[in-house]
Amino acid sequence: MPNLHSTRPRRGDNTEEYQCVYHEYMLKFFERAPYLWATHVWNMFDFAADARDQGGEPGMNHKGLVTYDRKVVKFDPAVFAEAHRRVREVAEKASRADLQF
């Protein structure tokens, strides 16, 4: 949720800061695992989940990079994930270009 923040993020606190910590950890893991040929973000958008009662709003899963109403980008995790994707894309293009010469 865009209104949940923490100066000391920890697992399960549903803050944007914890999402960043989680994404940073997972990207480091992916870099150490060359056998993984594809990775993905769990969910682009928050979504309804009737059985959930976490994160200050019952019935919602707040693990998306953008809010349920699509109005607020959870800036840090979304930008971090996009930046990583673009760096990988540029590196792949550069490596293909080297092979063509």
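How many helices and strands are there in the protein?

## Overall layout

There are two helices and two strands. Both kinds of element are DSSP runs numbered from the N terminus: helices are H or I with at least four residues, strands are E with at least two. Along the sequence the pattern reads α-β-β-α.

This is a predicted model, in which local features need pLDDT of at least 70, side-chain atom pairs count only at pLDDT 80 or more, and totals for chains, interfaces and linings use all residues. Residues are numbered from 1 along each chain as its sequence is written, and side-chain values use heavy atoms, with hydrogens and water left out.

Of the 101 residues, 26% count as buried. Buried means under 20% relative accessible area, exposed over 50%, and partly exposed in between, with a 1.4 Å probe and protein chains only. Contacts are heavy atoms within 4.5 Å. Among contacts with a separation of 6 or more, 30% join residues 24 or more positions apart.

## Helix 1

Helix 1 has 16 residues, which at 1.5 Å a residue should span 22 Å; its end C-alpha atoms are 23 Å apart, which agrees. The expected span is 1.5 Å times one less than the number of residues.

The buried residues of helix 1 are Glu-16, Gln-19, Cys-20, His-23, Met-26, Leu-27 and Phe-30. They cover an arc of only 135° around the axis, so they sit on the same side of helix 1. The arc is taken from the directions from the helix axis to the C-beta atoms. Exposed Tyr-25 and Lys-28 are on the face turned away from the buried side.

Thr-15 lies in the segment before helix 1. Its relative accessibility is 6%, so Thr-15 counts as buried. Leaving out residues up to four places away in sequence, Thr-15 touches Leu-4, His-5, Ser-6 and Pro-9.

Arg-70 is in the loop between strand 2 (60–61) and helix 2. Arg-70 is not a glycine, yet has a positive phi of about 65°. At 47% relative accessibility, Arg-70 counts as partly exposed.

## The largest pocket

The largest pocket has a volume of about 1,100 Å³. A pocket is an open set of points on a 1 Å grid over the protein atoms alone, where a 1.4 Å probe fits, with protein on both sides within 12 Å along at least five of seven lines; lining residues have an atom within 4 Å of a point. Grid points are joined across faces, edges and corners, and the volume is the space filled by probe spheres set on them.

The lining has 38 residues, with Tyr-22, His-23, His-40, Val-41 and Trp-42 nearest the centre. Helix 1 (16–31) and helix 2 (75–100) are the elements that give two or more residues to this lining.
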